[in-house]
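Biologist: I'd like to learn how to read a structure like this, one feature after another. Please give me the general idea each time, then the case.

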Amino acid sequence: MMERATSIDDRPDGRSECTGEVVVIGAGPAGCLAAIAAVKAGARVTLLERAGFPREKVCGCCIAPRGVAVLADMGLKHILADAPRLGSVRLESGRASARIDRDSGVALSRGAFDTRLVRAAMDRGVHVVHGTSAIVGIDGVVRARRDGIDMTLCPAACVVADGLAGRSLDAHPGVTWRVSPTSRIGLGAILPAGSIALHPGEVLMRVETGGYVGAVELEDGRIDVAAAADHDVLRHEGPAGLMARWLGDAVRDRDTIDAARWTGTPWLTRQRSTLAMPGILVAGDAAGYVEPFTGEGMSWALASGHAAGLMAARMVHEPSCWVQWPTQWADLLKSDRLRCSLVARLLRSPRTVHAGLAIARRWPGMAARLARPIGQMHRAATLCQEVSS
Ligand SMILES: Cc1cc2nc3c(=O)[nH]c(=O)nc-3n(C[C@H](O)[C@H](O)[C@H](O)COP(=O)(O)OP(=O)(O)OC[C@H]3O[C@@H](n4cnc5c(N)ncnc54)[C@H](O)[C@@H]3O)c2cc1C
């Protein structure tokens with residue numbers, strides 16, 4: 001899919017200029033929601049994406065109830081129409097196992113989800129340009145390159161939503177990543193239907209020494225496998241060997257694990273030193289990320305992208321309001337991120353995991369109650385509504 005941004009005018013000297021009001025970098029969930037929110041708030045929006053879509057991405061592909069609710073608020077729930085509902089989590093470690101019944105949202109491949117979000121943005125009037133890598137200069141000017149042609153964009157506001165590996169702010173000397181020294185690396189692949197034993201609507205999570213792996217059935221029957229692993233463990237065993245060992249008895253066809261295209265990520269747990277500058281807001285994974293065990297990253301990206309898009313539209317008339325973004329971002333996500341990193345830290349101890357599984361087997365109701373708040377709609381919804389009103 002390659003859409004032309006009508007607000008970008010090619011010049012004979014090979015340079016292009018754009019005076020679009022809001023530019024968004026990155027068309028993942030954060031960038032798409034930012035673009036849609038800004039265009040709905042009345043701004044002219046250009047969305048720049050490096051990749052050609054559809055593209056897959058390392059992700060557990062579970063959209064938590066909170067993310068589903070943000071999409072519903074934005075009139076985008078139809079995007080999830082064919083996404084299987086997830087009603088239980090099978091938590092396993094070694095030989096111990098427990099099933100926790102809880103609403104875990106829905107599963108949708110990133111190929112489908114992100115492409116549908118981009119389509120929804122285009123339908124609402126966002127100019128989408130694929131195959132375009134962008135950077136933001138310290139002057140707030142966005143420089144992009146597509147098919148060897150350089151473009152210069154001078155927006156009133158730029159939302160940086162270029163993800164965990166994003167480099168579009170590299171020119172800003174004070175904007176750095178604080179990467180946690182205990183951070184793990186993400187790993188994932190999509191396997192053929194039937195290659196992992198899963199019950200319908202079930203999320204399989206296996207916790208092992210050195211990390212964990214999750215598996216879920218997607219809308220077309222294929223199986224998404226995503227993991228977070230210690231670097232040394234992964235280097236020692238290699239992706240296929242490690243995934244086969246961790247998934248254990250659940251593997252129905254070992255050949256599919258060996259044949260899969262395993263993709264890694266950079267260090268997962270990290271925080272950006274700066275979330276806003278004059279004319280620039282940072283949202284989604286580009287702002288910071290914690291290990292994905294609770295499967296909330298996309299919900300955070302949707303909620304923060306939505307709020308950033310609204311603020312970017314405001315910056316067109318009130319340029320100084322960018323100073324409010326770090327506080328708003330913290331109000332929106334900080335407590336959830338703390339809870340998620342606490343869960344991830346507890347799971348690093350096999351003893352805690354085994355104790356948790358024993359409790360879940362003995363008192364399934366209590367385990368379900370404890371797990372219920374994860375990924376649920378609470379503060380984000382109120383804030384999204386507050387910001388939009
Ligand atoms: C192992 C693992 C499992 C996970 N499981 C789940 C889960 O089950 N549920 C969940 O909710 N979350 C999960 N996550 C987290 C989730 O994948 C992310 O939080 C989410 O993708 C963040 O969305 P985003 O829009 O911020 O960034 P991304 O989805 O990474 O999108 C960023 C986009 O920016 C583009 N881009 C980058 N640089 C540039 C540039 N210079 N110019 C233009 N475009 C650029 C990229 O091509 C990309 O399309 C998981 C993550 C990992 C690693």
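Biologist: Where does Ala 34 lie?

Modeller: Start with the secondary structure. Helices (H or I, at least four residues) and strands (E, at least two) are DSSP runs, numbered from the N terminus. Ala 34 lies in helix 1. Before we go on, note that this is a predicted model: local features need pLDDT of at least 70, side-chain atom pairs count only at pLDDT 80 or more, and totals for chains, interfaces and linings use all residues. Residues are numbered from 1 along each chain as its sequence is written, and side-chain values use heavy atoms, with hydrogens and water left out.

Biologist: With which residues is Ala 34 in contact, leaving aside its neighbours in sequence?

Modeller: Contact means heavy atoms within 4.5 Å. Beyond neighbours within four places in sequence, Ala 34 is in contact with Val 24, Val 159, Gly 305, His 306 and Gly 309. Ala 34 and Ala 303 are 269 residues apart in sequence, yet 9.0 Å apart C-alpha to C-alpha.

Biologist: Now a loop. Where does Val 58 lie, and what does Val 58 touch?

Modeller: Val 58 sits in the loop between strand 4 (45-48) and strand 5 (62-63). Its relative accessibility is 15%, so it counts as buried. Not counting residues up to four places away in sequence, Val 58 touches Gly 186, Leu 187, Gly 188, Thr 263, Gly 264 and Thr 265. Arg 110 is 52 residues from Val 58 in sequence and 8.5 Å away in space, C-alpha to C-alpha.

Biologist: How do I read the ligand site? How many residues surround the ligand?

Modeller: A residue is near a molecule or strand if one of its heavy atoms lies within 4 Å of it. Here 37 residues surround the ligand, and the closest are Glu 49, Gly 60, Cys 62, Asp 285 and Met 298. By type, the shell divides into 18 nonpolar, eleven polar and eight charged residues. In that count, Ala, Val, Leu, Ile, Met, Phe, Trp, Tyr, Cys and Pro are nonpolar, Asp, Glu, Lys and Arg are charged, and the others, Gly among them, are polar.

Biologist: Which element gives the most to the shell around the ligand?

Modeller: Helix 7 does, with four residues. Helix 1 (29-40), strand 10 (133-136), strand 18 (223-229) and helix 7 (297-315) each supply at least two.

Biologist: Which atoms of Glu 49, Asp 285 and Ala 134 lie by the ligand?

Modeller: Look for polar contacts. These are pairs of N or O atoms within 3.5 Å; within protein, one must be able to donate a hydrogen and the other to accept it, and residues adjacent in sequence count only if both atoms are side-chain atoms. A polar side-chain atom of Glu 49 lies 2.6 Å from a ligand oxygen atom. For Asp 285, a polar side-chain atom is 2.8 Å from an oxygen atom of the ligand. Ala 134 uses its backbone: an N or O atom lies 2.9 Å from a nitrogen atom of the ligand. The protein covers 95% of the 1000 Å² of accessible area that the ligand has on its own. Such areas come from the Shrake-Rupley method with a 1.4 Å probe; for residues, only the protein chains shown count as cover.

Biologist: And strands? How many bridges join strand 10 to strand 11?

Modeller: Two strands pair if DSSP finds at least two bridges between them. Strand 10 and strand 11 run antiparallel, joined by four bridges. Ile 135 has Arg 143 in strand 11 as its bridge partner. The two strands form a hairpin with five residues between them, and Gly 140 in the turn has a positive phi of about 80°. Five bridges then join strand 11 to strand 12 (residues 149-153), also antiparallel. That hairpin has two residues between the strands, and Asp 147 takes a positive phi near 50°.

Biologist: Which residues form the covered face of strand 11?

Modeller: In a regular strand the side chains alternate between the two faces of the sheet. In strand 11 (residues 142-146), Val 142, Ala 144 and Arg 146 form the covered face, while Arg 143 and Arg 145 form the uncovered one.

Terms used. Buried means under 20% relative accessible area, exposed over 50%, partly exposed in between (1.4 Å probe, protein chains only).
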